[in-house]
Each structure stands twice: as structure tokens, then as C-alpha cells.
Amino acid sequence: MDRFRMIFQYFQSNSESVMNGICGLLALASVKMYTSFDFNCPCLPKYNMAYGLGIMFLPPMALFLCGLILNRQTLVMLEEWKRPTGGRKKDLAILRYMCSSIMQRAMIAPVIWIIVTLLDGKCFVCAFSGSIDPEKFVGFANVTPTQMQLLLSKVPCKDDELMKNNPARKAVSRYLKCWSQALGWSVVLILIMAAFLARSLRPCFNQAAFLQTRYWSNYIDIEQKIFNETCCEHAQDFAHKCILHFFESMQEEIKLRRFNAPGEEAAGGEGEEDHLRGITDQEQMNELLKSWHYSKPPLDVSQATQRQQSVGRERPSVPWADSLSNRGNAPQKAKTSRQTEV
């Protein structure tokens with residue numbers, strides 16, 4: 001349990017960790033989708049290449065778009081790119097750094113899909129079975145060109161009656177799978193070499209500029225987060241004051257409509273009356289909710305704030321309350337004076 005908590009805290013530490021986790025999940029999802037996918041080549045001369053290349057490249061495009069959508073830095077980068085200049089200049093280096101970071105993370109799952117399909121070889125065999133030279137293989141002699149294309153298109157279908165007992169089918173299939181796996185391992189080698197060169201050559205460039213662009217790209221992300229959180233807190237306080245102002249304004253209307261029962265007196269202390277705002281039964285509450293639904297108050301709390309300030313300044317002093325307060329404080333003052341004398 002502690003290990004999972006540590007992993008969760010790591011991914012919640014910053015946006016880069018979260019996006020690394022999402023990219024890893026997309027990569028695992030791509031492998032799982034391909035292994036659970038039921039691949040059935042149409043085995044038709046005009047459709048094999050379209051089907052094989054479509055399975056090889058269309059899902060990676062969808063995974064690439066998912067990587068862009070799930071990465072919140074995509075929206076941050078677009079907002080930074082399209083925002084007015086105002087009092088803050090736009091830095092193209094920061095935008096390039098954010099764009100490259102987004103693209104690198106979004107390309108992980110598509111590249112893994114393509115590598116897995118190439119290492120498996122089924123899509124490659126289906127797509128290019130009709131493009132090989134039949135003279136390299138035994139078993140296609142005394143066949144017309146039309147029949148040749150039909151037989152080559154049936155190579156991926158091992159249960160087809162035309163190619164079931166043909167010895168050339170296995171040879172063509174092995175030949176194409178070898179090319180497919182060679183391309184797959186070549187892609188893996190190229191990616192490893194590119195990552196190695198990127199890591200090795202980074203110290204050769206200006207590290208100060210790299211640190212600055214990375215710092216300010218993180219700053220833009222964190223600034224957007226704090227702004228959204230502050231807006232949520234402000235909206236909560238603003239809604240609270242608006243609703244309180246609505247209840248206070250409805251209190252006078254409730255009195256004018258005589259919602260309260262005749263002869264009913266306020267029960268409870270001052271704190272209860274402040275929370276209930278004079279609404280003490282179901283009919284009153286239903287009327288208030290109906291009024292809230294059909295005529296919400298304007299988004300302006302300045303009047304309520306000014307009225308509270310004016311009420312606080314104009315509140316009259318009550319002589320008998322002051323005298324009671326002085327009488328209540330008199331024994332405490334006498335006790336204090338006796339302790340001082342002692």
C-alpha cells in the first residue's frame with residue numbers, strides 16, 4: 001500500500017510526471033489493443049494493401065491525437081501562443097520547448113504500435129503480398145498474370161483452398177515477415193541511437209538557455225493551475241455573497257407577502273435567525289426557490305457590501321443594553337480590583 005501511495009504522489013508531484021504516466025498507459029494500451037485485435041486480411045488483390053497499411057498507420061494516428069488531447073500542456077501552449085502580448089512578451093524558445101515536449105510524449109504510443117505490427121508481420125504480409133516478384137519462388141509457373149495476382153493476394157490466408165497446399169505460400173509469407181521484422185528492429189535501433197545522441201550531445205549546447213526555457217515553461221503551467229484554483233475560490237466566495245444578498249432581499253418581500261403565520265414570533269437566538277433569514281416553513285422555501293429559478297439576482301455584490309457598511313455605521317445605541325452590559329461587567333471589575341489590592 002505504501003508503494004502505491006509513493007507512486008501516486010510521484011505522479012501528482014508535477015505535470016511532467018503525470019504526462020509520463022499517461023504516455024506509459026497509452027503505450028501499454030496500444031500493445032494490449034493489438035494483441036486482442038482479431039486480424040483478418042481480406043485476401044483480395046485491390047484491398048490487401050489498403051487494409052494492411054490502414055491497420056498499421058490509422059490506429060497510431062488516433063493514439064497520437066489521444067496523446068495530444070490528454071496532455072494539458074497542449075492547451076497551455078495554444079493559449080500562450082494565441083494570447084495578446086499585453087505586458088508580457090512571448091518567448092518563441094519556450095513555445096518550441098513546449099511543442100517538442102508535447103510531440104515527444106504524444107509519439108510514444110504510435111511508435112510502439114508501429115513497432116509491434118512490424119515485429120508481428122501480419123499487416124506487412126497482408127499489405128505487400130501482391131507486390132513481390134513471383135519469379136523468386138517456386139510454385140507460380142504456368143500461371144497467367146491475373147491468376148498470379150489472385151494467388152499472391154491469397155498468401156495471408158492459409159486456410160484458403162487456392163493456397164492451402166501450395167508450397168510457395170509459406171515461402172512468400174516467411175520472406176515478407178523477415179522484411180517486416182528487419183524494418184521493426186531497424187526502427188528500434190534508430191530510436192535508441194537518436195535518444196543516445198540527444199543525451200550525449202546535450203552538454204555541448206547552451207545549458208543556461210535550456211534551464212531558462214524549461215523553468216519558464218513549468219512556470220506557465222503552474223501559473224495557469226494557480227489561476228484556475230484562485231478563480232474557483234473566488235467563484236465560491238462570490239456565489240456565497242450573492243446567495244446571502246438574495247436571501248436578505250427576499251426577507252423584506254416575504255414580510256410584505258405575509259408568508260409568516262399571524263402572531264408568529266421569532267423563536268431561537270440571533271444566530272438561528274441569521275441563518276434562516278426568516279424562512280421557517282415549506283411554503284416559504286418553495287416560494288423562495290421558485291423565485292430563485294425564474295429571477296436570479298444580478299451578479300453584483302457591491303450593493304450588499306455598501307448596505308452592510310451603512311447598517312454598521314447607522315446602528316443606534318441602546319441605553320438599556322449598555323447599562324446591562326456595564327452591570328454585568330461590574331462584578332468582574334470589582335473582583336479584579338480586590339485581586340490587585342491583595
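Helices here are DSSP runs of H or I with at least four residues, numbered from the N terminus. Keep in mind that this is a predicted model, where local features need pLDDT of at least 70, side-chain atom pairs count only at pLDDT 80 or more, and totals for chains, interfaces and linings use all residues. Residues are numbered from 1 along each chain as its sequence is written, and side-chain values use heavy atoms, leaving out hydrogens and water.

First stop: select Asn71, in the loop between helix H3 (48-70) and helix H4 (72-82). Asn71 has 2% relative accessibility and is therefore buried (under 20% relative accessible area; exposed is over 50%, partly exposed in between; 1.4 Å probe, protein chains only). Now show Gln73: its backbone nitrogen is 3.0 Å from a polar atom of the Asn71 side chain. Leaving aside residues up to four places away in sequence, Asn71 touches Met19, Ile102 and Arg105 (heavy atoms within 4.5 Å).

Next, the rings. The structure holds seven aromatic pairs (ring centres of Phe, Tyr or Trp, its six-membered ring, within 6.5 Å; planes under 30 degrees apart are stacked, over 60 edge-to-face, the rest tilted). One of them joins Phe124 and Phe128, tilted, at 4.7 Å centre to centre and 40 degrees between the planes. Both sit in helix H7 (residues 122-128), four residues apart, about one helical turn. Phe124 is buried at 11%, whereas Phe128 is partly exposed at 26%.

Then move to Trp216 and Tyr219: with centres 5.2 Å apart and planes at 80 degrees, the pair is edge-to-face. Both lie in helix H10 (residues 207-257), three residues apart.

Definitions and conventions. Helices (H or I, at least four residues) and strands (E, at least two) are DSSP runs, numbered from the N terminus. A polar contact is a pair of N or O atoms within 3.5 Å; within protein, one must be able to donate a hydrogen and the other to accept it, and residues adjacent in sequence count only if both atoms are side-chain atoms.
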